[in-house]
Every structure is written in structure tokens, then in C-alpha cells.
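Me: I would like to learn how to read salt bridges, a helix and a cavity in a model. Can we take them one at a time?

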Amino acid sequence: MNIRNIAVGIVVVGAVFAGGIVAVAWQKGWSVRETMELGAGVIAAKASRHTIADRTAAILAKKPQLKDVAESAGGKLRILVFKSERSVEVNAPGWKAPRIYPMTAFSGTLGTKLREGDGQIPEGIYGIEYLNPNSSYYLSLKVTYPNASDRARAKADGRTNLGGDIMIHGKAVTIGCVPVGDDAIEDIFYLASAVGIKNISVVIAPYDMRKGRKPELELSPLKWYPNLCDEINTALSGKF
């Protein structure tokens, strides 16, 4: 194979890759900045071969204070996502106050995820399945959606193709995930690694019910949705 053929191949592959990114961006109505950010993230992820240890060491070199923060956590972590407030709260039994991060983008509306491609951020009580040190969105934590309750409700409704790959990640674009930006995801990724994914609970709520229930934000044609909101409220009011 000569140099010309190699060059042509690279151009073709690049065009296919770029076309895929642009197609997603067009479908979701993303800006040029958001499209470029996603493309850069995908390229970086494909080129990198980082481990969790690599990433946490690099984060700690930038933010040495996180070591004390993690050691004071008490071995557990709660990640609370509030969709209406567009915020993510990370708390631990050993901390005097939670760490709060704004969501850097939002997808869908209030109300839980029902199927693949609906663009909705799920709502419910979850855990973390794994940490991804080579995410297209810099770093990410995989949320355990769909859980058993999601599957049971879907079966009762006759729904299939519930979707998945719901992440808490960096950058500022999303299709049903929870983006917090690169600086914040470094904190969350490091803390999650330090306490261990089995010691992390995640609650994704339509709004912060600890400040009082808002029936107008719990309206839904789904008969089971009020019960889900009650479950979320109980989880939010519970202790470690």
C-alpha cells in the first residue's frame, strides 16, 4: 500500500467519524462549541489508555487536598442529582457539608427515562457500576440504570428497549446523562475511587424534595410515577 492510499484511507475514516459526530449533534440541536467538544473528547478517549490509578494520581497531583477530603468521608458516598435545580450534591458521613456542583448541560424534561433514545435523565435510586478513566467525556461514572424497579415497571407497561449507559461525566454536553464539567468530575471520580463503588449510592430526583414536596413537579400520566417520587423522597430523607 503506497503513501497516497494510506492518506486517502485516513481521510475517509476521518470523514466517517466526523459525519457521525455531526449527525448526533444535528439530531440533538447542539451548538458548534458543543459538537467540537464532543468530537475532541471522543478522539482523546480513543487515543488514551489510562487506568483508574493513572487518573487518580494525576488528579491528586493537581488537587492534593482531595486526599484529606476522601479520608474524612467515612467510607461512604452519596451522590444526589436534582434535575430541576440542575445540581449534583456529593456528601459523606464524615463531612460537615456536602460538595455541590452545577450540571453543565441538561437533556429532556422532568420525569423519568422510559426508553432508548428519549433523551431523558433517569429518576430513581441507583448505584455505580464502574469508573471509566477513558471516557469520551473525559472521566465518567456508570450509573446502574436500568435497575430492577425500572425493569419491573417497564414489564408492567409493556415497554422494551429501556436504554442504558447513563453516566455522570465531564464536559458540557449530554444525551440523558449527568454532565458536571471536567473540574468537577475530577473531584467526583477521585472520591468515588477512594471510597469504592460498592459504597456509593446515587439518587436522581426531579427536584430537591428535602425543601418540601411540589405536586406540580410530580405530575405524570404514568400511574406508578407518584410511588416513584415517594421512594425518592424516602431515599433523600434517609441517613447513611
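Me: Which side chain does Lys-113 meet in a salt bridge?

Reply: Start with the general idea. Side chains of opposite charge can pair when their charged atoms come close. In this predicted model, the side chain of Lys-113 meets that of Asp-118, at 2.9 Å from N to O.

Me: Is Lys-113 buried or exposed? And how does Asp-118 count?

Reply: The cut-off for buried is under 20% relative accessible area. Lys-113 has 7%, so Lys-113 counts as buried. Asp-118 has 27% and counts as partly exposed.

Me: How many salt bridges does a search of the whole structure find?

Reply: The search finds 15. One of them joins Lys-63 and Glu-186, at 3.1 Å from N to O. This pair links distant parts of the chain. Lys-63 sits in the loop between α3 (52-62) and α4 (65-71), and Glu-186 in helix α6, 123 residues apart.

Me: How many residues of α6 are buried?

Reply: Ten of the 14, so the helix is mostly covered. An α-helix has 3.6 residues a turn, so residues three or four places apart point the same way. The buried set includes Ala-184, Ile-188 and Leu-191.

Me: What comes just after α6?

Reply: Gly-196, with a positive phi of about 95°.

Me: How many cavities of 30 Å³ or more are there?

Reply: The count is one. The largest cavity holds about 50 Å³ of space.

Me: Which residues line the largest cavity?

Reply: Read the names, then the classes. Lys-113 is one of the lining residues, along with others including Asp-150, Arg-153, Arg-159 and Trp-224. By class, the lining has five nonpolar, one polar and four charged residues. Lys-113 is also the salt-bridge partner of Asp-118.

Notes: Residues numbered from 1 in each chain as written. Predicted model: local features only at pLDDT ≥ 70, side-chain atom pairs only at ≥ 80, totals over all residues. Heavy atoms only, no water. Buried < 20%, exposed > 50% of the residue type's maximum accessible area, 1.4 Å probe, protein only. Helix = DSSP H or I, 4+ residues; strand = E, 2+ residues; numbered from the N terminus. 1 Å grid on protein atoms, 1.4 Å probe; cavity = no way out; pocket = protein on both sides within 12 Å on 5 of 7 lines; lining within 4 Å. Points joined across faces, edges and corners; volume = space filled by probe spheres on them. Nonpolar A, V, L, I, M, F, W, Y, C, P; charged D, E, K, R; others polar. Salt bridge = Lys/Arg side-chain N within 4 Å of Asp/Glu carboxyl O.
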